[in-house]
Amino acid sequence: MKHSSLYMLVFSLFAFSSCLSSGKTAEKEIKREVKQPKKVEIAFSADSAYSYTAKQCSFGPRLLESKAHDKCVEYMVGKLKEFGGDVSVQKCQVTDWAKKKWNAENVIAHFGDDSFANRIVLFSHYDSRPYADKDADESTRRTPIDGANDGASGVGVILEIARQWKDCNPKYGLDVVFFDAEDLGEPSFITGDSSNESWCLGSQYWSKNADFGRYKKPCAGILLDMVGDKDARFCIDYVSNHYANDLAVKVWKNAKELGYSDMFRTDANGAGLIDDHYYVNLLSGIPTIDIIDYYDPRGGFPETWHTHNDVIENISKSTLEAVGKTVLSYIKH
């Protein structure tokens with residue numbers, strides 16, 4: 001996941017039209033609309049989400065064209081089919097920052113038929129960062145990380161949502177896309193630079209070539225990225241606010257009603273982030289928000305980001321549950 005300079009992002013955003021942006025800040029909307037927290041029964045197992053996250057990590061770093069990568073794809077496909085999904089694998093070839101070509105695979109699943117008036121799509125990436133860019137020890141920076149939080153946690157939460165979807169009396173049909181090659185971006189500690197276009201390669205390909213076949217095109221999307229840290233803080237980033245403000249306001253409102261306002265924050269704006277949702281919004285036309293752990297007062301991303309400390313032992317079941325219940329609440333209501 002790439003942290004973009006704000007002026008570049010703002011220039012890009014306003015070169016395109018927005019579908020849902022209301023022109024108001026999300027914070028003002030939330031303060032005006034939110035009522036007192038109320039009890040809402042949402043079936044979501046944090047233990048299951050944690051086990052799905054741990055299973056991905058057990059394969060090892062999910063690097064493109066590796067055995068761990070292939071095992072993870074097989075695992076995700078198997079689980080999505082077990083939960084009743086119509087599953088396919090979108091194979092593609094991507095080119096990294098060093099001009100090397102890689103075979104990549106986006107995993108796609110559809111739940112529910114045309115009886116649903118609208119569909120929602122959930123995204124996460126599952127690949128691991130090949131570099132521990134932020135390790136204090138320079139000798140370990142060229143080695144891959146487990147990516148328990150940065151990748152596996154989002155997949156874990158979405159797998160549990162897919163398991164619970166049919167029994168939650170959903171308002172929306174559900175689509176799932178697990179992106180490959182998100183974290184293949186240019187390592188600035190090697191090259192001295194890091195172009196935005198070298199990140200999110202799987203989502204760039206999917207967004208340019210999305211084909212829903214017999215299924216309706218989703219009316220909205222939610223990306224989960226780094227949703228398992230013990231000290232997670234989620235703010236509404238600029239891309240989400242610009243392209244899908246109404247959706248962001250509703251999701252953060254749901255989180256507050258569920259009692260998760262300490263985690264889903266409105267006391268700070270999110271940064272200008274180049275993440276998978278940027279390309280989904282820009283290229284596919286599906287208004288999409290990002291639930292991502294980035295909080296300026298804390299210093300930005302969590303301490304484990306792009307380090308060898310991004311391991312399953314640092315994943316919080318409470319955080320997985322908060323994110324899972326918040327998203328399921330939206331799908332349900």
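Glutamate 65 lies in the loop between α3 (46–58) and α4 (67–82); helices (H or I, at least four residues) and strands (E, at least two) are DSSP runs, numbered from the N terminus. Although glutamate 65 is not a glycine, its phi is positive, about 65 degrees. Most residues other than glycine have a negative phi. Glutamate 65 is partly exposed, with a relative accessible area of 45%; buried means under 20% relative accessible area, exposed over 50%, and partly exposed in between, with a 1.4 Å probe and protein chains only.

This is a predicted model, in which local features need pLDDT of at least 70, side-chain atom pairs count only at pLDDT 80 or more, and totals for chains, interfaces and linings use all residues. Residues are numbered from 1 along each chain as its sequence is written, and side-chain values use heavy atoms, with hydrogens and water left out.

Histidine 306 also has a positive phi, near 55 degrees, and is a residue other than glycine. Histidine 306 sits in the loop between β8 (288–292) and α11. Is histidine 306 buried or exposed? At 1% relative accessibility, histidine 306 counts as buried.

Let me turn to the chain as a whole. The chain has 11 helices and eight strands, and buried residues make up 59% of its 333 residues. Of the contacts with a separation of 6 or more, 81% are between residues 24 or more positions apart; contact means heavy atoms within 4.5 Å. The average pLDDT of the chain is 89, and 88% of the residues score at least 70; pLDDT is the predictor's confidence in each residue, from 0 to 100. Over residues 5–37, pLDDT stays under 50, and the model has 57 contacts beyond four places in sequence for this stretch. Where pLDDT is low, the predicted coordinates should not be read in detail.

Next, the helix pairs. Helix α7 (residues 201–209) packs against helix α10 (residues 276–284) at an angle of about 20 degrees, with the axes 8 Å apart. Axes are lines fitted to C-alpha atoms, for helices over the stretch in contact, and angles run from 0 to 180 degrees between N-to-C directions. The angle makes α7 roughly parallel to α10; angles under 35 degrees count as roughly parallel, over 145 as roughly antiparallel, 65 to 115 as roughly perpendicular and the rest as oblique. On the α7 side the contact is made by Ser203, Gln204, Trp206, Ser207 and Lys208, and on the α10 side by Asp276, Tyr279, Val280, Leu283 and Ser284. Among the buried residues of α7 are Leu201, Gly202 and Trp206. What covers the buried residues of α7 includes β2 (86–95), β3 (101–111), β4 (119–125), β5 (173–179) and α10.

The axes of helix α5 (residues 148–165) and α11 come within 10 Å and cross at roughly 45 degrees. That makes α5 oblique to α11. From α5, Ser153, Val157, Ile161, Gln164 and Trp165 make the contact, and from α11, Leu320, Val323, Gly324, Val327, Leu328 and Ile331.

Threonine 319 counts as buried at 1% relative accessibility. Which residues does threonine 319 touch, not counting those up to four places away in sequence? They are Val227, Gly228, Asp229, Lys230, Ala232, Phe234 and Met263. The C-alpha atoms of threonine 319 and arginine 233 are separated by 9.5 Å, the two residues being 86 residues apart along the chain.
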